[in-house]
Every structure is written in structure tokens, then in C-alpha cells.
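User: I am new to this structure and would like to go through it by question and answer. Please show it and begin with the terms.

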Amino acid sequence: MPQLRYFTAGESHGQCLIGVIEGLPAGIKLKLEAINGDLARRQKGYGRGGRMKIETDTAEILSGIRLGETIGSPVTLMVKNKDFKINDLPPVTKPRPGHADLTGILKYDRQDARDILERASARETTMRVAIGAVCKLLLAEVGMDVVGHLVELGSVKASTDGLTLGQIRERSEASEVRCADPVAEKKMIEAIDQAKSEGDTLGGVFEVVATGAPIGLGSHVQWDRKLDANLARALMSIQAIKGVETGLGFEAARRFGSQVHDEILPAHEGLLTRTQNNAGGFEGGMTNGQPVVVRAAMKPLSTLMKPMRSVDIKTGTEVKGAVERSDVCAAPAAAVIGEAVVAIELAAALLEKFGGDSVSELKRNVESYRATCKRW
């Protein structure tokens with residue numbers, strides 16, 4: 001059984017959303033403002049829909065905390081839905097192309113796609129962001145940092161060459177589309193405006209960078225212990241994500257090996273160094289001491305104000321797909337969600353390698369290992 005695991009529960013318009021995270025060491029100073037801060041970040045972004053104006057997500061801690069610190073037992077988080085009306089909503093019989101609607105009603109033998117879309121909704125990621133915020137507090141205890149930002153929206157590409165991680169965070173946090181490139185940001189906003197005027201939607205690509213990871217998180221010995229693979233699975237589990245890459249990703253397949261692999265140089269401050277980071281911080285499914293760099297591609301959202309053709313499951317006649325309240329573009333928010341799920345997987349890998357029932361024990365284990373790596 002994994003040392004760290006989590007579950008979420010709740011529907012988009014249900015009473016609340018619940019998250020339970022098990023396996024956290026005792027002694028994490030759990031700051032509610034950090035959780036609520038990330039929940040607020042998830043709700044921002046140019047192109048978001050009307051619900052973001054209704055809801056201001058705030059978390060409540062129901063278990064696992066005493067006097068502001070984790071105590072080693074499962075932590076339960078809850079976010080109440082102010083827009084609670086699941087039993088009063090009309091049935092949905094016109095499935096949207098690209099959504100879980102049709103497949104879900106066939107799989108679960110339902111007559112109303114509402115029974116599917118309420119859980120399939122990206123509203124579920126609220127709890128993953130809350131859990132990710134807790135995991136980021138744990139990672140910070142051992143000097144790890146995680147930042148998500150948008151690098152593409154539609155056909156617009158951003159450039160962050162020469163920027164430090166701190167600069168990327170500062171600029172993307174100030175951006176309406178969570179983009180650190182101000183020139184690209186302006187073009188992205190224009191693209192969203194155009195899509196909105198046409199009743200259409202837009203997707204994008206976000207990047208998550210994590211620094212400070214010890215060498216050797218993950219393992220090469222079994223397929224399900226490779227950390228880069230677990231990160232890919234976690235990112236693919238985010239609603240609307242259609243592709244994931246690490247480091248150079250697909251670009252590596254277009255180059256010669258001499259243009260891809262990161263050469264190893266003599267030690268600096270006790271550790272061997274690299275000429276670059278094309279591998280995205282991984283070799284053999286394990287962290288290699290370089291920054292972890294992963295990207296995920298988000299498709300345009302399935303709910304269009306100019307709906308596509310579908311079939312009414314009650315009458316069998318051709319109709320237009322249902323129109324639920326939706327966003328024009330949620331890629332900036334997806335960067336925050338991606339940041340959260342990466343933090344969760346890194347925290348799980350950290351605890352798998354170093355264990356520790358308390359934060360102090362975990363930190364001792366990490367510090368000892370880092371010292372060993374330098375001696376080697």
C-alpha cells in the first residue's frame with residue numbers, strides 16, 4: 001500500500017466537495033490561507049465563465065489537524081458549493097461531443113447525462129488543488145518548490161528563455177492568463193476574445209517546474225515506480241488533458257542523440273552537474289537532481305455556445321449538444337491544477353523514499369541522504 005494516497009468526492013452542483021489525504025507525517029504546519037490561496041488561483045483566469053463570479057472557494061479542515069499541525073492521521077478537507085442545486089437542475093438528454101456524457105450514460109445505464117457530467121466536471125479538481133496545497137507545504141519543508149504556468153494558448157506560444165523560476169512565478173501570477181511572457185499574454189487574450197465572439201472554446205499547454213527534488217525519487221525497477229510515468233498519469237487524469245511530455249518531450253524524437261542527452265560535468269558544490277536539462281529532470285524514471293519539467297496539453301472545452309451536432313438519447317433524433325454554463329478557456333486554471341497534481345506525486349515519491357512519521361524525521365532522512373550523495 002502506498003504511503004501517501006488521496007480520494008475526492010462530490011458533484012459539481014452537490015452540497016460540497018470532499019478530499020481525504022492519508023499518509024502525511026505529523027508536524028506539517030497546515031496553513032488554511034495557503035490552501036484558500038491556491039483555490040482562489042484556480043478560479044482566476046481570462047476566459048472563465050459565470051460560476052467563478054458566484055463561487056469563492058474556501059476550505060474547511062474536518063480532521064487530521066490539531067493546533068495548526070498535522071498529527072499523522074488522515075486529513076479531511078471540505079469545500080461547500082454555494083451553487084448547490086443538483087436536485088433542481090433539468091435533465092440532460094443531448095450529450096455533448098467530447099464530454100463524458102454519452103459514454104457515461106451507456107456505461108452506467110442512466111437516462112440522464114446529469115448523473116455523469118456532475119462528477120465528470122472539472123469542478124472535482126477543486127479538491128485536488130486543496131490537497132496539492134497541503135503537499136506543497138510538505139515539499140517546502142525539504143526545500144522543494146513547484147510552479148505552474150501557461151506556455152501555449154491556441155496557436156500562441158510564450159517564451160520564458162532566460163527567466164528564473166522566481167521570475168516565472170512573479171510574472172505568471174500577475175498575468176490574466178498565467179503567462180510569464182507579456183507579448184504572448186496580449187495575443188492570448190485576443191485569441192480568447194475571438195473564440196468567445198464565435199461561440200467557441202480554446203485549449204492550451206501548461207508547464208510545471210519543480211526545483212529542489214533530491215536525486216533518486218522514483219525507481220527504475222518496476223513500471224509503476226517510475227516517477228515520470230506517475231506524473232504523466234496524474235496529469236492525464238485532469239479533465240480535458242490530451243497529452244503529456246517531460247523535458248524536450250516529442251521534440252527529442254526529432255533530434256540526434258548528441259543534441260538531446262545532458263552531458264555530465266565534474267562536481268560543483270559536491271554534486272555532478274549537467275550541461276542542460278533536456279531530460280526534464282528524469283533518467284530511468286528517477287529524478288536526477290535537475291529541475292523537474294513537465295508539460296500537458298489541454299483540449300478546448302466540450303461545452304460550446306455554438307453547440308455541435310448530437311443525438312437526443314430519448315427521441316433518437318439529431319439535435320444540437322446541450323449547453324451548460326462553461327468557460328471559453330480554462331487553460332490558465334489548468335496550470336494551477338497541474339501544479340497541484342505534480343506536488344501530490346512528488347510528495348508521494350518523497351515519502352516513499354525517505355519515510356518518516358514526523359516532519360522532523362523526514363527532514364533528517366533527506367539531509368543525511370543529500371550529504372551521502374555529496375560524499376559519493
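Analyst: Buried means under 20% relative accessible area, exposed means over 50%, and partly exposed lies in between, with a 1.4 Å probe and protein chains only as cover. This is a predicted model, in which local features need pLDDT of at least 70, side-chain atom pairs count only at pLDDT 80 or more, and totals for chains, interfaces and linings use all residues. Residues are numbered from 1 along each chain as its sequence is written, and side-chain values use heavy atoms, with hydrogens and water left out.

User: Is Asp 109 buried or exposed?

Analyst: Asp 109 lies in the loop between α3 and α4 (114-120); helices (H or I, at least four residues) and strands (E, at least two) are DSSP runs, numbered from the N terminus. Asp 109 has a positive phi of about 55° although it is not a glycine. Its relative accessible area is 58%, and the cut-off for exposed is over 50%. Asp 109 is therefore exposed.

User: Is Arg 178 buried or exposed?

Analyst: Arg 178 sits in the loop between α6 (165-174) and α7 (182-197). Its phi is near 55°, a positive value in a residue other than glycine. Because its relative accessibility is 5%, Arg 178 counts as buried.

User: How many disulfides does the structure hold?

Analyst: A disulfide is a pair of cysteine sulfur atoms within 2.5 Å. For Cys 329, the closest cysteine sulfur is in Cys 179, 12 Å away, which is too far for a bond. Cys 329 is buried at 0% relative accessibility, and Cys 373 is buried at 19%. The number of disulfides is 0.

User: Which strands stand at the edges of the open sheet of 5 strands?

Analyst: Two strands pair if DSSP finds at least two bridges between them. The order in this sheet is β8-β7-β9-β15-β10, with antiparallel pairing. Two of these strands each have a single partner strand, so one side of each is left without a neighbour in the sheet; they are β8 (156-157) and β10 (241-246).

User: Which residue in β15 is the bridge partner of Glu 245?

Analyst: Strand β15 (residues 292-298) pairs with β10 in the antiparallel sense. There are 5 bridges between the two strands. The bridge partner of Glu 245 in β15 is Arg 295.

User: Which residue stands opposite Phe 7 in β2?

Analyst: Strand β1 (residues 5-9) pairs with β2 in the antiparallel sense over 5 bridges. Their hairpin has 6 residues between the strands, and Gly 10 there takes a positive phi near 125°. In β2, the residue opposite Phe 7 is Val 20.

User: Which residues form the covered face of strand β2?

Analyst: Strand β2 covers residues 16-22, and 6 bridges join it to the antiparallel strand β6 (residues 75-80). One of the bridge pairs there is Ile 21 with Val 75. The uncovered face has Cys 16, Ile 18, Val 20 and Glu 22, and the covered face has Leu 17, Gly 19 and Ile 21.

User: How far does helix α1 reach from its first C-alpha to its last?

Analyst: Helix α1 (residues 32-43) has 12 residues.

How values were computed. The expected span of a helix is 1.5 Å times one less than its number of residues.
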